[in-house]
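Subject: Structure handover

Hi,

Please find the structure below.

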Amino acid sequence: MRHLRIIILSAILSMVLAPARAQIGNLRGTFSMGVNGGASLSKMDIVPSLRQQFNVGKTFGVTLRYSSEKYFFFACSAQLECNYIERGWKELIEDGSGNQYRHTANYVEIPFMARLALGREFYGVQGFLEIGPQLGFLLSDREEKYGTEPWDISNRPASSKLTYGKMFENDFEYGIVGGAGIELKTRIGGFFLEGRYYFGLSDVYHNTKVDSFARSANTSIVIKTGWIIDLVR
């Protein structure tokens, strides 16, 4: 599994670096900077499995983009971001107790993506696709319990009981992020709306044979909007 993760990340990194290395097409050399923000819908990809609902959180950050060339109809760019994001999961509890459980984790994430855009390059509407590797650094995590007291877990699945009181054990994570969206190009910058999916390749808990979980990775759907302006063209 570890070798497969390395192969996937290497392939994606090659795709991301390709626009910067390319020497064909119409060269651009545009550097842009902006801000972004939106909502995240997160769950855990975890074994043994948990009955979950989306944990809804917020995200915001800074966007840097280098547009290297236009090849045929596609504008090719490399995009780097530094974002704050709330991840985690909310347990789906159906034992009649009325209890609720939520585990929220706060991260700084750094996605590095290749971006292909089709449409008006300067004034008008563009559609775009993006994909690349992403790094994450855990700032903090917390669990929240709601409902009747005392908290009755006698009818909960064994996998749920293993998570109670268990904070994340790995502060660093990595994975794959990809998405699509539209951007409106104007004289005062670009205004964009996009959706993304993040799939974690690393685990938040230790995963040796004596540990509780064989797999425990973050996954997130993110809907965000933002504004970006060309600084160097």
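What follows covers the fold, the surface and the salt bridges.

This is a predicted model, so take the cut-offs as they stand: local features need pLDDT of at least 70, side-chain atom pairs count only at pLDDT 80 or more, and totals for chains, interfaces and linings use all residues. Residues are numbered from 1 along each chain as its sequence is written, and side-chain values use heavy atoms, with hydrogens and water left out.

**Fold**

The chain has 2 helices and 9 strands. Both types are DSSP runs, numbered from the N terminus: helices are H or I with at least four residues, strands are E with at least two. In sequence order the pattern is α-β-β-β-β-β-β-α-β-β-β.

**Surface**

The accessible surface is about 11,800 Å². Carbon and sulfur atoms hold 65% of that. Areas come from the Shrake-Rupley method with a 1.4 Å probe; for residues, only the protein chains shown count as cover.

The chain has 233 residues, and 44% of them count as buried. Buried means under 20% relative accessible area, exposed means over 50%, and partly exposed lies in between (1.4 Å probe, protein chains only).

**Salt bridges**

The count is 16. The rule asks for a side-chain nitrogen of Lys or Arg within 4 Å of a carboxyl oxygen of Asp or Glu.

Start with Glu183 and Arg65. Their closest N and O atoms are 3.2 Å apart. The pair links distant parts of the chain: Glu183 sits in strand E7 (residues 172–186) and Arg65 in strand E3 (residues 55–71), 118 residues apart. Glu183 is buried at 1% relative accessible area. Arg65 is buried too, at 4%.

Next, Arg87 and Glu109. This salt bridge spans 2.7 Å, N to O. Arg87 belongs to strand E4 (residues 74–91) and Glu109 to strand E5 (residues 100–119), so the bridge ties together parts that are 22 residues apart in sequence. Are these two residues buried or exposed? Arg87 is buried, with a relative accessible area of 0%. Glu109 is buried as well, at 5%.

Then Arg142 and Glu144. Their side chains meet at 3.8 Å, N to O. Arg142 counts as partly exposed, at 37% relative accessibility.

Last, a network. Salt bridges with shared partners join Glu81, Glu130, Glu194, Arg196 and Lys224.

Best wishes
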